[in-house]
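Please view the sequence and the model together while reading.

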Amino acid sequence: MKRLPPVEGEGIDRAAPLEFSFEGRRLTGFKGDTICSALAAHGVTVVGRSFKYHRPRGLFSVANHDVNAMFQVEQRGRSIPNVRGDVAPLRAGMKVAAVNTAGGLETDRMAGMERLARFLPVGFYYKAFHGRWFPKWERLIRRAAGLGVVDKANRAFTTPKRYAHTDVLVIGGGPSGLAAAHEAAERGAGVILADEWGELGGSALYARGGASVDESVRRLADIVIAHRGVRVLSSTFAAGYYADHWVSLVGPENLTKVRARAVVVAQGAIEQPAVFRGNDLPGVMLASGAQRLLSRYAVAPASRVVIITANAEGYAAALDAFHHGITVAGVLDLRERSHPSESGLTGAIRDRGIVVFHGVKPVEARADSEGHVRELEFDVEVSKDRSARHYLAADGVWMSVGFAPANALLQQAGAKMRYETAIEQFVPSQLPAGVFACGRVAGAYELSDRVAQGREAGRLAAAHAARSVGAMPETEGAETLRKLQSLVFTPRGSPSHPFPVFPHPKGQEFIDLDEDLHLSDLINAFQEGFDSSELLKRYSTVGMGPSQGKHSNLNAMRVLAKLREESVEAVGPTTARPMFHPVSLAHLAGRGFHPHRRTSLHDEHEKLGAVWMPAGDWQRPEYYARSGETRMAGIEAEVRAVRTGVGLIDVGTLGKIEAHGPIAGEFLGRVYTGQFGALKVGATRYGLALDEAGVIVDDGVIARLGKERFYFTTTTGNSGSLFRELGRLATMWRMPVGLVNLTGHFAAFNLAGPLSRAVLSQLTHVDLSHAAFPYLGVREAEVAGVRCRLMRVGFVGEMGYEIHLPAVDAIHVWSAVMRAGERFGIRAFGVEAQRVLRLEKGHVIVGQDTDGLTTPLEIGAEWALRMNKPFFIGQRSLQALQRLPQRQRLVGFTLPAGSVRPKECHLVIESGRIAGRVTSIQHSPTLGHAIGLAFVEPPIAQRGSFRIRVERGEEVSATVASLPFYDAPGERQTLDEDLAERTEMLA
Amino acid sequence: MSAPLVLMNTSARMRVGCKGPAAETWLAQLGITVPHGANRYSIDSRGLLSARLATSEFLFESTHADAASALVPAKHALELADIPSGVYPVLRQDFVIEASGDRLHELFAQTCAVDLVPVERDSSAAAGPVILTSMIGVGVVITCRISPEGPRFTVWSDPSYSRYFWHQLAAIATELGGLTP
């Protein structure tokens with residue numbers, strides 16, 4: 001056991017033992033342990049295998065910053081992959097297993113992968129993954145790589161997302177964050193303080209230098225926790241920063257989206273490794289990680305350590321090790337001498353008899369037979385051109401050579417960075433309004449500086465929050481920064497070494513543990529021409545693993561800067577994107593909110609056996625299933641009912657909008673391609689809406705109900721966006737038009753078929769004769785006692801009436817129509833029958849027969865354009881397009897008898913190239929054969945035939961047919977009234 | 001004593017809407033006064049809620065039987081389009097939920113991006129701000145009324161979303177220990 005006697009401030013409850021298993025081995029930890037601390041307490045040194053070479057890996061950062069400590073955890077019947085053992089609390093009964101192994105951690109069958117390293121150079125994916133070898137490589141890599149295993153048997157569980165609001169959000173609960181939160185709260189601001197650890201205090205809790213936790217930090221944490229103005233969210237990290245001070249906070253149970261008036265980023269700095277041969281061996285770890293284990297979990301990760309350092313923090317780590325009874329074999333300082341400000345620490349080291357080497361160059365960490373570190377080989381510079389080789393036996397090598405600021409959120413917020421060579425670190429050079437930085441992320445390392453800077457950041461953030469959001473002038477950001485950075489006044493040495501990278505002739509100096517990248521991989525990538533930080537990242541994959549470069553990006557930048565013979569600042573950091581830490585899919589998914597709409601007739605359709613299909617947000621009946629009738633038979637029967645008798649379809653999903661005012665007609669004339677200012681009251685007209693490029697975006701029927709009153713429909717999917725666009729246009733054009741969106745408040749159904757008039761006439765007193773109520777007319781009248789709007793429409797190619805009415809009355813009128821139609825054999829018809837009917841009539845559906853590039857000129861809708869109008873949206877583009885050769889043309893087509901029927905989106909092929917596509921195709925029960933619409937190149941349309949490629953590369957021939965397929969003269973809309981009456985009598 | 005979260009469907013109340021540059025004057029002629037500020041509501045002694053949505057759109061709802069009679073003339077005039085130029089009827093068939101109880105704000109925290117705590121703070125028994133926003137993907141109008149039992153929020157939404165909206169809110173409310181009569 002490596003568990004120490006009780007340690008001051010330890011976070012474990014020794015009275016609460018928890019049993020768990022690791023790789024089948026039964027172990028015991030304590031409440032308060034993480035998975036990693038509990039394993040370390042049992043002397044488990046190898047906790048996982050590396051991603052590519054399957055090298056044994058041990059604890060490294062103990063801070064959720066590396067990929068070594070990820071586990072498959074089974075508990076309460078769930079198996080969760082990639083649990084981050086550094087921060088995941090130990091629970092009783094957990095079954096923990098290493099990820100990325102084949103056959104277990106100790107008996108991993110892939111352990112020999114490293115022997116293949118020379119065949120897997122940097123960028124081998126790109127070189128190998130093409131041609132006939134691609135499938136083989138893909139299978140091989142998929143088997144060899146991958147982290148945890150998703151258990152598909154797991155039941156989904158909801159992790160509700162939340163919104164939260166605050167004046168000031170402080171991210172990071174170290175000394176500077178605590179000071180900022182306290183100061184802001186004292187000034188009356190509401191504060192949320194988020195910290196990724198379970199206890200506030202940050203590095204002050206564990207980096208003690210052999211002493212107790214600084215009492216001032218502990219006291220400040222207590223004050224902040226007790227403060228009424230501060231809400232502390234512990235075990236919660238900020239994953240991403242989004243516009244307007246939205247920050248996503250990921251807690252143990254769920255994700256919270258916080259909107260803050262001001263944000264203080266006090267996320268500290270991430271300790272960085274030295275790069276030398278064998279730096280990934282189990283037992284080689286960051287000093288801060290070892291200190292966490294010692295102080296928070298009372299676990300000694302080694303019995304004899306060597307500490308590689310280049311800063312005061314390394315000396316403090318040596319004192320912590322000594323304090324807990326660990327033998328410090330030596331402190332290996334990469335610098336030629338320590339900074340004078342470190343005299344207190346170096347004196348304490350000397351007093352304890354610890355050997356210190358200066359001017360050290362690590363050569364190699366060597367492993368014992370179990371793969372754990374046993375010895376460090378290093379050189380010590382004796383003179384300018386001579387060094388002496390040394391060896392120190394140790395079961396622990398701790399590295400404290402520098403830090404990278406945790407500035408990802410600052411970058412996402414839009415902060416600019418500069419490289420400060422005095423501390424070998426990027427610091428903010430420009431902060432956006434309302435964003436403040438303090439502590440190590442802003443370059444302050446001494447405790448007093450961090451607290452002072454935190455207080456100032458808290459003061460400024462509270463003041464900003466008290467003003468209206470966004471009122472901070474740009475210049476204030478620069479002034480804020482100047483104030484904050486002026487608060488770093490304690491002289492000290494740089495906390496970071498400028499180039500802690502030590503090449504070895506035999507390689508294996510790991511620069512990225514996630515991706516098993518060696519120093520040579522970066523050099524090779526550079527030599528292959530990937531010489532910018534973004535290119536290097538993508539080609540080598542440095543920083544692209546689960547830890548997102550927290551311990552690799554800075555060293556990679558330094559290497560690249562060295563190769564380019566430029567400064568680190570000139571090389572620049574790669575773009576920081578959310579998420580800062582990996583976030584589980586359960587957190588991101590949250591509770592499923594998928595808004596869906598129902599028409600007011602939904603229950604009526606259910607009663608009629610509707611088979612549902614989605615249409616935008618809506619559910620619509622695809623067809624109505626009847627006992628003993630197949631889907632196709634049902635659809636064809638619905639089509640026949642409309643063609644020969646009468647049918648009723650719910651079209652309540654159409655957008656329904658009113659436009660009011662003296663210039664409403666003029667307004668609609670600018671939006672739609674037709675002329676509406678002169679539209680007669682009581683008449684309707686087809687409307688086609690374009691964008692500025694002349695591309696079709698919507699269509700509908702515009703009805704004039706009164707001199708200053710228009711009512712019009714939009715396509716189902718576009719009602720919301722078109723209504724918003726109309727509001728924007730009215731504002732932009734300064735046209736006082738009253739727009740009312742009735743989509744959800746109005747119902748609509750279409751009574752269609754030669755007998756529709758006979759049915760409707762039983763329910764209304766309005767004169768339905770062709771002379772009184774012609775095709776494309778609109779009337780307001782009572783139907784079944786309810787005031788409705790009736791529109792003579794012909795979308796399905798038969799005489800028909802769209803009945804629009806308040807949603808609350810829809811069931812009453814629908815039922816009345818169905819009853820009145822009973823003796824005429826009325827049948828409800830669904831979307832699929834409607835598609836067949838409209839295709840027979842050659843009517844297009846916007847979005848199906850058009851795409852994001854289709855103009856009216858290509859679908860033969862020139863008749864809907866009033867090009868002589870002064871203006872409509874898209875007019876100028878169409879004028880230009882009219883002068884150009886056409887790209888494609890929508891044509892009708894038929895197929896030879898017995899031909900394989902293509903599907904929508906199947907391609908038209910001409911001389912081996914794509915020359916168009918099928919947009920609609922159906923079997924027409926009326927015509928007895930397949931009919932379709934397709935985009936083809938104009939010469940093909942003229943030629944009159946083309947070929948369509950169907951499944952398995954087969955091609956079928958198609959013949960261009962004139963449109964419409966059905967009722968070309970349009971006689972069905974002006975059905976002779978005697979004929980109608982005879983048909984009605986017959987019915 | 002703690003009050004459980006309660007959701008109540010109040011869609012059946014009489015409701016009238018109109019908008020337009022002449023709407024305020026026309027309403028005054030009918031004896032209906034409206035709040036002065038944009039996005040404000042008030043409730044008169046009869047229980048008639050008058051809400052100004054943005055600047056020139058109005059929503060009226062009878063929260064008490066006495067208020068219904070005050071709305072009838074306006075309702076009839078709007079239905080028959082018997083209104084002056086510059087007044088446009090707005091059909092209101094909203095799905096309306098009233099929510100009350102101790103964990104109201106937890107319900108809103110899971111469903112709405114707008115901070116409704118200040119809305120409660122700025123509301124009284126008969127007046128307060130009107131919020132036009134969205135909840136769980138549905139456009140809504142929200143008001144808060146302070147009663148002796150505590151705050152009571154009213155949420156108006158498009159009726160075509162009613163089933164989805166109710167089911168989602170009721171599921172969350174149930175998780176929060178609430179009641180959905």
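**A positive patch and its helix**

A:K136 belongs to helix α3 (residues 134–144) of chain A; helices (H or I, at least four residues) and strands (E, at least two) are DSSP runs, numbered from the N terminus. The model is predicted: local features need pLDDT of at least 70, side-chain atom pairs count only at pLDDT 80 or more, and totals for chains, interfaces and linings use all residues. Residues are numbered from 1 along each chain as its sequence is written, chains are lettered from A and ligands numbered from 1 in the order in which they are written, and side-chain values use heavy atoms, with hydrogens and water left out.

- A:K136 is partly exposed, at a relative accessible area of 47%; buried means under 20%, exposed over 50%, and partly exposed in between (1.4 Å probe, protein chains only).
- On the surface, A:R132, A:K136, A:R139 and A:R143 form a patch of positive charge. Patches are made of residues with over 30% relative accessible area and no salt bridge, like charges being joined within 9 Å and nonpolar side chains (Val, Leu, Ile, Met, Phe, Trp, Tyr) within 5 Å. A salt bridge is a side-chain nitrogen of Lys or Arg within 4 Å of a carboxyl oxygen of Asp or Glu.

**Chain A overall**

- Chain A has 26 helices and 47 strands.
- The C-alpha trace of chain A spans about 115 × 65 × 60 Å along its principal axes.
- Of its 987 residues, 59% count as buried.

**Strands of chain A**

- In strand β42 (residues 889–894) of chain A, five of the six residues are buried.
- Six bridges link β42(A) in the antiparallel sense to strand β45 (residues 929–936) of chain A; two strands pair if DSSP finds at least two bridges between them. A:L890 has A:F935 in β45(A) as its bridge partner.
- β42(A) also runs antiparallel to strand β47 (residues 955–961) of chain A, joined by three bridges, and A:T894 stands opposite A:T959 in β47(A).
- A:I702, in strand β34 (residues 696–706) of chain A, is buried with a relative accessible area of 0%. A:I702 and A:F676 lie 26 residues apart in sequence and 8.2 Å apart in space, C-alpha to C-alpha.

**The sheet of chain B**

- Six strands of chain B make an open sheet in the order β6-β2-β5-β4-β3-β8, with antiparallel pairing. Its edge strands are β6 (88–89) and β8 (127–129) of chain B, each of which pairs on one side only.
- Strand β3 (residues 40–43) and strand β4 (residues 48–53) of chain B are antiparallel over four bridges, and B:Y41 has B:A51 in β4(B) as its bridge partner.

Key:
Areas by Shrake-Rupley, 256 points an atom, 1.4 Å probe, with all protein chains shown as cover. Lys, Arg positive; Asp, Glu negative; His and termini not counted. Charge placed at Lys NZ, Arg CZ, Asp CG, Glu CD.
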